[in-house]
Amino acid sequence: MSFQVIVFYSFAAWLIFAALMVISSKNSVKAALFLVLTFASASAIWLLLEAEFLAISLIVVYVGAVMVLLLFVVMMLDVDYAALRQGFVKKLPIAIVIAAAFFAVLYSFITSGEFSAENYAAPAAKAADYSNIKALGRVLYTEYFIAFEIAAVILLVAIVAAISLSFRGRRNRKAQVVSKQLEANKRNRLKILKVDPVESAQPEVAEQEEAKS
Amino acid sequence: MNGSEMISNDVMGIDLWLWAETLFWIVLKIVAILLPVILAVAYTTYAERKFIGYMQLRLGPNRVGPKGWLQPIADTVKLIMKEIIVPRGANKTLFVIAPVLFIGPAFAAWAVVPFDAGMVLADVNAGLLYILAMTSIAVYGVIIAGWASNSKYAFLGAMRSAAQIVSYELAMGFALVGVLMCAQSMNLGEIVMAQAGGISNWFWIPLFPLLVVYWISGVAETNRAPFDMAEGESEIVAGFHVEYGGMAFSLFFLAEYANMILISFLTAIMFFGGWLSPFEGIEWLDNLTAWVPGTIWLLMKAFVFLFGLLWIRATFPRFRYDQVMRLGWKIFIPVTLVWLPVVAIWIKAGVWPFN
């Protein structure tokens with residue numbers, strides 16, 4: 001048993017434990033946090049596969065952005081957990097059957113057929129200066145260029161759709177105009193008057209002078 | 001005959017001695033990085049109080065030790081002695097884990113920071129991405145602290161801070177893409193080496209807009225004034241760490257300052273040539289300062305930016321929250337999106353300084 005194998009099994013055990021906790025923990029915030037732990041252990045396993053770019057982008061994208069937003073939502077919700085967990089025991093046998101079927105399909109998929117371990121031998125370890133990011137970039141922007149661009153356009157469409165769904169027409173109420181606020185400065189807000197202290201101290205004299213002129 | 005010896009040294013085919021030796025050196029290196037960082041954090045708090053004091057025509061701390069030099073130590077002792085109170089209704093496990101989750105990434109990010117040529121704990125290829133990942137994990141400490149405290153103010157602070165960190169991370173990531181394009185590498189050491197050849201070759205000239213974006217996003221990411229919406233004393237008491245006291249609070253404090261120092265180092269490394277001497281190319285000055293080790297140059301550059309952070313805090317009033325969001329989304333991201341194609345054309349055209 002080499003060091004890699006020990007690391008793999010410990011992270012795999014963590015992953016399975018965390019994934020189980022995601023569905024079994026009573027508190028939804030804790031479940032979301034266990035999902036974060038699941039992503040982190042999956043990323044560690046990818047690191048073992050020398051896929052450092054994928055591993056770290058899993059952390060940056062899923063742990064750093066997606067899960068944060070999910071946690072936002074979960075923390076704001078006030079879910080009645082007791083009602084949610086009703087019938088858990090009753091439906092457990094069906095769930096186990098479905099899960100076992102899934103497991104059987106996946107297991108047969110990776111042990112025999114086109115995606116089996118015999119068809120995909122373990123890749124040789126790369127040299128120390130091998131950069132996974134450069135290799136990925138080269139493939140993405142040449143061989144899979146069209147697929148990559150189509151994925152980008154689909155994401156853009158999703159962004160536009162989300163904005164148009166949440167856009168509720170032009171606002172008629174009073175709103176702050178930020179550019180106007182930022183334009184405000186000393187010159188257009190403040191007027192400095194020169195007041196003669198002697199004259200303003202004697203109002204009658206000033207009035208008389210005004211009357212004369 | 002050698003069987004028993006083999007087993008004692010070689011449990012399950014693992015050379016235990018080799019492991020122990022590797023482990024020892026790694027731990028030693030970690031200590032060699034973290035001890036100075038923690039000391040620097042302690043004295044950054046002192047420097048901050050002193051600098052801001054002088055800027056506001058006060059003296060700052062001057063009672064403990066000569067000129068107040070022992071003030072950080074007195075503060076630490078005080079914080080250690082204090083009791084950690086877990087508020088009623090708080091989620092105890094998460095309440096305790098949150099500060100650890102906040103300080104862990106703040107320290108872990110130092111693993112890829114190069115202090116001189118080859119002087120780095122983990123010389124990984126994806127160093128830039130690693131830093132981005134570590135700063136994005138740090139959000140969890142804030143969110144969990146806010147949620148687990150069972151307090152409205154803490155929760156509001158956590159929400160503000162999380163939204164802010166997620167938004168500014170985008171601008172920061174785009175700014176880092178510019179650095180990556182110029183250096184053609186994600187390894188921080190290689191990024192520094194790509195800037196060799198004097199001040200005019202440092203990335204701050206071609207990437208000036210990105211430098212500004214990165215620097216300000218860094219201030220926002222560390223939740224420092226004028227972007228300290230998460231704390232906002234006048235509105236939400238002290239934000240996400242309002243329920244924390246003693247060492248639990250000081251972990252948040254420590255992590256914030258460690259992040260500040262990290263941002264200063266990263267700015268120096270990515271835009272100002274890291275450990276390289278500013279006099280490269282000017283022969284007589286270069287010869288005169290050849291004895292100065294690279295680490296000193298890096299420390300000097302980082303100090304300038306750290307001072308900038310303190311100066312900003314003393315100078316600017318706090319932003320309004322909608323203005324913070326506007327700056328991040330409507331100004332910084334467009335600026336970076338425009339500048340990246342410009343840099344791409346600049347590099348492909350091969351004109352100065354990319355020839």
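Me: In this predicted model, helices are DSSP runs of H or I with at least four residues, numbered from the N terminus; in which element of chain A is Met75(A) found?
Reply: Leaving aside its neighbours within four places in sequence, Met75(A) is in contact with Val29(A) and with Trp147(B). The C-alpha atoms of Met75(A) and Phe167(A), which are 92 residues apart along the chain, are separated by 25 Å. The element that holds Met75(A) is helix H3 of chain A.

Me: Is Met75(A) buried, exposed or partly exposed?
Reply: A residue needs 20 or more other C-beta atoms within 10 Å to be buried, and it is exposed if there are 12 or fewer. Met75(A) has 19 other C-beta atoms within 10 Å, and therefore counts as partly exposed.

Me: Which helix gives the most to the side of chain A that touches chain B?
Reply: The contact takes 22 residues from chain A and 21 residues from chain B. On the side of chain A that touches chain B, helix H2 (28–48), helix H3 (52–76) and helix H6 (132–141) each supply at least two residues. By class, that side of chain A has 16 nonpolar, five polar and one charged residues. With 13 residues, the helix that gives the most to this side is H3(A).

Me: How many helices does chain A have, and what share of its residues is buried?
Reply: The secondary structure of chain A comes to eleven helices and zero strands. Of the 213 residues in chain A, the share that counts as buried is 12%.

Me: How far apart are the C-alpha centres of domain 1 and domain 3 of chain A?
Reply: The domain assignment of chain A gives domain 1 (1–86), domain 2 (92–121) and domain 3 (130–167). Between the C-alpha centres of domain 1 and domain 3 of chain A, the distance is 25 Å.

Me: What is the radius of gyration of chain B, and what does the globule rule give for 355 residues?
Reply: Chain B contains 13 helices and two strands. Since the globule rule gives 20 Å for 355 residues and the value for chain B is close to that, chain B is as compact as a globular protein of that length, with a radius of gyration of 22 Å.

Me: What percentage of the contacts in chain B between residues at least 6 apart in sequence join residues at least 24 apart?
Reply: Buried residues make up 43% of the 355 residues in chain B. Among the contacts in chain B between residues at least 6 apart in sequence, the part that joins residues at least 24 apart is 76%.

Me: What distance separates the end C-alpha atoms of helix H2 of chain B?
Reply: Helix H2 of chain B covers residues 16–55, and at 1.5 Å a residue its 40 residues should span 58 Å.

Me: Which helices of chain B are included in what covers the buried residues of H2(B)?
Reply: The residues of H2(B) that are buried are Val41(B), Thr44(B), Tyr46(B), Arg49(B) and Lys50(B). What covers them includes three helices of chain B, namely helix H3 (71–81), helix H10 (246–271) and helix H12 (294–315).

Me: Is Asn223(B) buried or exposed, and where does it lie?
Reply: Most residues other than glycine have a negative phi. Asn223(B), however, has a positive phi near 60°, and its place is in the loop between helix H8 (208–221) and helix H9 (233–236) of chain B. Because there are 24 C-beta neighbours inside 10 Å, Asn223(B) counts as buried.

Me: Where is Lys67(B), and what is its phi?
Reply: Lys67(B) has 14 C-beta neighbours inside 10 Å and therefore counts as partly exposed. Its place is in the loop between H2 and H3 of chain B. Although Lys67(B) is not a glycine, its phi is positive, at about 55°.

Me: Over which residues of chain B does pLDDT stay under 50?
Reply: Chain B averages a pLDDT of 84, and 95% of the residues score at least 70. Where pLDDT is low, the predicted coordinates should not be read in detail. In chain B the stretch where pLDDT stays under 50, for which the model has three contacts beyond four places in sequence, is residues 1–9.

Notes: Residues numbered from 1 in each chain as written. Chains lettered and ligands numbered in written order. Predicted model: local features only at pLDDT ≥ 70, side-chain atom pairs only at ≥ 80, totals over all residues. Rg over C-alpha atoms; globule rule 2.2 N^0.38 Å. Contact = placed C-beta atoms within 7 Å. Nonpolar A, V, L, I, M, F, W, Y, C, P; charged D, E, K, R; others polar. Expected span 1.5 Å × (residues − 1). Domains from an automatic or database assignment. pLDDT = per-residue confidence, 0-100.
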